[in-house]
Amino acid sequence: MTEYVIRGGHPLSGEVVVSGAKNAAVAIIPAALLVDGVCRIENVPEISDVTLFFSILDDLGAKVRLLNRHAVEIDCRSIRSTRPSYELARRIRASYYLLGALLGRFGEATVAMPGGCDFGVRPIDLHVKGFTAMGAEVIEGGDIHAVAKNGRLHGANIYMDQVSVGATMNVMMAAVLADGMTIIDNAAKEPHIVDLANFLNAMGADVKGAGTDTIKIRGVSRLTGGSYSIIPDQIEAGTYMAAVAATGGQLLIRNVIPKHMECISCKLLEMGVEVMEEDDTLLVRRAAPLQRANVKTLPYPGFPTDMQPQITVVLSLAQGTSMVTEGVWDNRFKYVGELKRLGAQITVDGKVAVIEGVDSLVGAPIQACDLRAGAALVIAGLAASGTTRLGNVQYIERGYENIVGKLRAVGADIEIVELEEPPVSESHIS
Ligand code: EPZ
């Protein structure tokens, strides 16, 4: 078991390079199951969620060959099973993508669903609705069993009752090898939706409209393979932007797509943080006191829910009263209790947090409760005076590549300390 020991109060300064997008990688790697050939995937983040997916594919019979720390070749021509390891699949929320990919390629799949939940009810009814419309029978239990009734899926018109990243990507995967045309209406538009579509097209699929409300997928008989490079991680970049906003200082953030960052940049500008974009970099500087702001999380291009905890930390140091409304998940403020231990003044009522800005935070022992909340607490520790000991950091390492090394390189006083006790919990929900 490890914890991070953070001695805060140092402004950040220097350059940080953003890794490949976690939420694109955890869709694109299982999507390799659809490919009857070799896929070469680059800009793969070196994070534990990705390593877990490599193990799942390897266990199914795929050949997974790491070319270097950020590039992999996956060959799914020798898949032996459509039932991923229960023990591995239950550890990651994104294992639902194995359903769409295996069902699409082989006409059946049996996949464990994670039993718990970090921020409210996380149903998969929209995924099931899509598969059913395409001719699958889906039986839900501890495992989800899906089978194409005629051995192969067929195209369908699917309206998503709610904008869902996972359901949009899963239906897209299931549809690329189906007979005929599938149309997804009210589709999610996140950058990783477009990235998955681009990956599938690079492998030989026919997907049009990703990034708009309507995605059209014309089924093809086979995906043959190819090369693809994953987009930079919008949320990792946003997390470093929030870190410099909270601590002060100046960071040049490299390997970003500035367009993807606008929803975050605009909010930081409103708070008095300078953000200058150029090609694939952002220069972020906080030279003046932070101003209050209201934030509501929404599907893309709205302010991302996966940046909600980080922006709440920044607002807890702003002058005046701010309000953060969580518009995607039912219960994503669980971390606030830990943040209050550092001196933040926040009241949560349901999906709304009211934040009275304070002049400073003070370090204390705290625990991460999920990935983004963990990253937010790192930021809080960096901004706080004194020492913060942050536990349960395995959550953070699921989605942030070398966060400690990257922060140390820009002046943060943060180190990883090995503890002797066993982990409190091994649940992994992303
Ligand atoms: C993805 O989760 C991300 N995870 C989450 O990021 C992110 O918070 C979320 O999208 C929203 O952007 C991955 O990409 C692996 P949704 P997902 O389906 O796909 C409801 C992180 O920190 N809904 O877009 O599971 C649902 O309850 C993680 O990186 C249904 O009602 O989210 C929620 O209110 C955490 N029925 C809303 O839709 C369904 O069948 C959006 O969920 C599916 C979802």
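Start by selecting Arg389, which counts as partly exposed at 36% relative accessibility; here buried means under 20% relative accessible area, exposed over 50%, and partly exposed in between (1.4 Å probe, protein chains only). Because Glu3 sits in strand E1 (residues 2–7) and Arg389 in strand E22 (residues 387–391), the pair ties together parts that are 386 residues apart in sequence. Element names refer to DSSP runs numbered from the N terminus: helices (H or I, at least four residues) and strands (E, at least two).

A note on the ground rules: this is a predicted model, in which local features need pLDDT of at least 70 and side-chain atom pairs count only at pLDDT 80 or more, while totals for chains, interfaces and linings use all residues. Residues are numbered from 1 along each chain as its sequence is written, and side-chain values use heavy atoms, with hydrogens and water left out.

Next, pick Glu401 and Arg69, whose side chains meet in a salt bridge of 3.5 Å, N to O. This pair links loops that are 332 residues apart: Glu401 is between helix H13 (394–397) and helix H14 (403–408), and Arg69 is between strand E4 (63–68) and strand E5 (71–75). Glu401 is buried at 5% relative accessibility, whereas Arg69 is exposed at 52%. Salt bridges with shared partners also join Arg7, Asp413 and Glu415 into one network. How many salt bridges does a search of the whole structure find? There are 25.

Stay in the loop between H13 and H14 and select Asn402. Its phi is near 50 degrees, a positive value in a residue other than glycine, and Asn402 counts as partly exposed at 45% relative accessibility.

Select Ile29, Ile41, Leu196, Phe199 and Leu200, the residues with the most contacts inside the largest nonpolar core, which has 84 residues. Such a core is a set of buried Ala, Val, Leu, Ile, Met, Phe, Trp, Tyr and Cys residues joined through side-chain atoms within 4.5 Å. Centre on Phe199: leaving out residues up to four places away in sequence, Phe199 touches Ile28, Ala31, Ala32, Cys39, Ile41 and Tyr228 (contact means heavy atoms within 4.5 Å). Apart from this core lies another, of 76 residues, including Ile264, Ile311, Cys369 and Ala384.

For the largest pocket, select Arg122, Val165, Gly166, Val328 and Trp329, the closest to its centre of the 49 lining residues. By class, the lining has 25 nonpolar, eleven polar and 13 charged residues; Ala, Val, Leu, Ile, Met, Phe, Trp, Tyr, Cys and Pro count as nonpolar, Asp, Glu, Lys and Arg as charged, and the others, Gly among them, as polar. A pocket is an open set of points on a 1 Å grid over the protein atoms alone, where a 1.4 Å probe fits, with protein on both sides within 12 Å along at least five of seven lines; lining residues have an atom within 4 Å of a point.

Last stop: select Tyr300 and Pro301, joined by a cis peptide bond with omega of about 10 degrees. Pro301 is in the loop between strand E17 (294–296) and helix H10 (308–315).

Key: A salt bridge is a side-chain nitrogen of Lys or Arg within 4 Å of a carboxyl oxygen of Asp or Glu.
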